[in-house]
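Subject: Structure for you to look at

Dear colleague,

I am passing on the structure below, and after it you will find my notes on what turned up. Please read them with the model open beside you.

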Amino acid sequence: MSGQIIGIDLGTTNSCAAIVEDDGNVKVIPYRGGETTIPSIFAVDDKGNELVGYEAKRQWLLNPKRTVYGAKRLIGRDYQEGFVRKMGEYFAYDMKPGQQNNVTIELGQGREFTLQDVSSRILNVCRTVASDYLKRPITRAVVTVPAYFNDRQRQAVKEAGDSIGLEVVRIINEPTAAAMAYGIRRNLNQTVAIYDLGGGTFDMSVIDIRGRTFEVRATGGDIFLGGIDWDNALIHYVIDDFKAKHGIDLSGDPIAMQRIKDLAERTKIDLSSRTEAPFSIPFVTMTPEGTPLDINLVVSRKLYEDITAPLVKRTIEIAEMVIKDSGIQVHQLDEVLLVGGQTRWPAVQRAVLELFGKPPAKSVHPDEAVAVGAALYAHSLETDVQEHKVQLLDVIPMAIGIERADGDLHEIFKRNASVPNQKSMVFTTSYDDQSELTMRIYQGDQKEARKNELLGEFEFSGIRRGPKGSVRVEVVFDCSVEGILTMSARDKDTNKEMKTTVKVRGAA
Ligand code: AMP
């Protein structure tokens, strides 16, 4: 018996674990102190101890350079990518390129961590919280990721689990999990939209719920659009204001930045229920002459809404595109589900109401729905009772294709192609005695292959020798319900399977 599968929402800002109890009820597992969510923060203190969750959060004002948050935004990403550098402006910790160009962080005494390592520590706390609660070891989990994650990011989360002996039996998309939390036990016949705006990412999906079958019609999103961007807008505003008043740029001072960042998020949360809030930080820095300087501002909700209006607009543009891709009209949607902490922001709620013409469903808990859905799905994977099984048909968020000789992307799976899915292509040898076939696979919606994310370079070897054009190789592309691609190749005439080698994973 391999034990119970738990559900884990691995969030950018907060993570959460849930299980289905023996009586069938879903339990979001309380962490120490009764909180159900665990901050997705990892730190190494000056004694070299690793801290995760609240322990890490508590000390981040004093130890900003060795405190990592927002890891999910950068997992499965190349250090070279422009936005990794851009995020570096906001993160106090130092990032550098590691093996295979992974983003690596140095956290004192020469200790280096990849973002995958950081995510594995967070997954481990979720697992420990669950096993303490259940009083038995946990080795398997369903883990949720943003629908807009590509193949590499999904693989990275699986590997993060593997590295701590936690088998990620299934990766599912966050909006899909939220739809399951909403509908799995209600025998519905509805088409719903899920608007999911969390700490780091925005996802929107349109899903048909028919009893226990969940079929995603379309999905879209932006993995660089979330609560952190609201915080950053206010941080920018405060820094610019301080510079204008005192001629001092606080952005190079990690302790001051951390204090501003911390207060920015709290002010944002305050302003979702108040129209004005003070923004005061005493002794934030000193003049060259040694006079202490304070930040003393009052921020109005109106001002905050003005500086973040482009963020709301971007979510609505994506939502409109997803509705269009889903092939239905807005008024045909039965319900709108709001998920993710940032959906508490009043301007988001107004924009959603305006777009959909109806208030969001009440029964969805914005912070817990994703973990609950993951637990319910995990439970359905364990059951032998046929009518309790859940059927999931998802889609991939971006096209997957191969680079053609002219440099363009030849799409194998189109954006929003349903998964699981399988496609095959037949290639003929292009020169005499050709013994191998190499192809580069990309994911993204750009016409030019190299403008998309490189998933890998694959080599199929052991091709039967013969004159050019005489040997046909059939390559099969298999995309799982998790949105993860595997490939195989065989000789079309002899049926002999070929050896597949991944020569490069990610950018070369
Ligand atoms: P999640 O990833 O779903 O845990 O969402 C966390 C994000 O929601 C963070 O950026 C929080 O600052 C944000 N958040 C939480 N509560 C509120 C609130 N009342 N108003 C605005 N944003 C919030």
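The buried residues of α10 are P346, A347, V348, A351, V352, L355 and F356, where buried means under 20% relative accessible area, exposed over 50% and partly exposed in between, with a 1.4 Å probe and protein chains only. Helices (H or I, at least four residues) and strands (E, at least two) are DSSP runs, numbered from the N terminus. This is a predicted model, in which local features need pLDDT of at least 70 and side-chain atom pairs count only at pLDDT 80 or more, while totals for chains, interfaces and linings use all residues. Residues are numbered from 1 along each chain as its sequence is written, and side-chain values use heavy atoms, with hydrogens and water left out.

Those buried residues of α10 pack against β13 (189-197), β14 (202-210), α7 (227-246), α8 (254-271), α9 and β18 (335-339), contact meaning heavy atoms within 4.5 Å. With α9 (residues 301-326), helix α10 (residues 346-356) packs at an angle of about 35°, the axes being 9 Å apart; axes are lines fitted to C-alpha atoms, for helices over the stretch in contact, and angles run from 0 to 180 degrees between N-to-C directions. On the α9 side the contact residues include V312, I316, A319 and I323, and on the α10 side they include V348, A351, V352 and L355. Sorted by class, the residues of this contact are eleven nonpolar, no polar and four charged, where Ala, Val, Leu, Ile, Met, Phe, Trp, Tyr, Cys and Pro count as nonpolar, Asp, Glu, Lys and Arg as charged, and the others, Gly among them, as polar. After α10 comes G357, with a positive phi near 70°.

**Pocket and cavity**

On a 1 Å grid over the protein atoms alone, a cavity is a set of points where a 1.4 Å probe fits but cannot get out, and a pocket is an open set with protein on both sides within 12 Å along at least five of seven lines; lining residues have an atom within 4 Å of a point. The largest pocket holds about 940 Å³ of space, and of the 43 residues that line this pocket, T13, N14, E265, G341 and D367 are the closest to its centre. The largest share of that lining, six residues, is supplied by α8, and by class the pocket lining has eleven nonpolar, 17 polar and 15 charged residues.

The largest cavity contains about 40 Å³ of space and is lined by L10, G11, T12, S40, A71, K72, S119 and I122.

**Loops and backbone**

D334, in the loop between α9 and β18, is partly exposed at a relative accessible area of 37%. D334 lies 144 residues from Q190 in sequence, yet their C-alpha atoms are 5.9 Å apart in space.

Most residues other than glycine have a negative phi, and most peptide bonds are trans. Q109, however, has a positive phi near 50°; Q109 sits in the loop between β9 (103-106) and β10 (112-114) and counts as exposed at 56% relative accessibility. N187 likewise has a positive phi, of about 50°, and is found in the loop between α6 (174-183) and β13. Finally, V419 and P420 are joined by a cis peptide bond, with omega about 5°.

With best wishes

How values were computed
Points joined across faces, edges and corners; volume = space filled by probe spheres on them.
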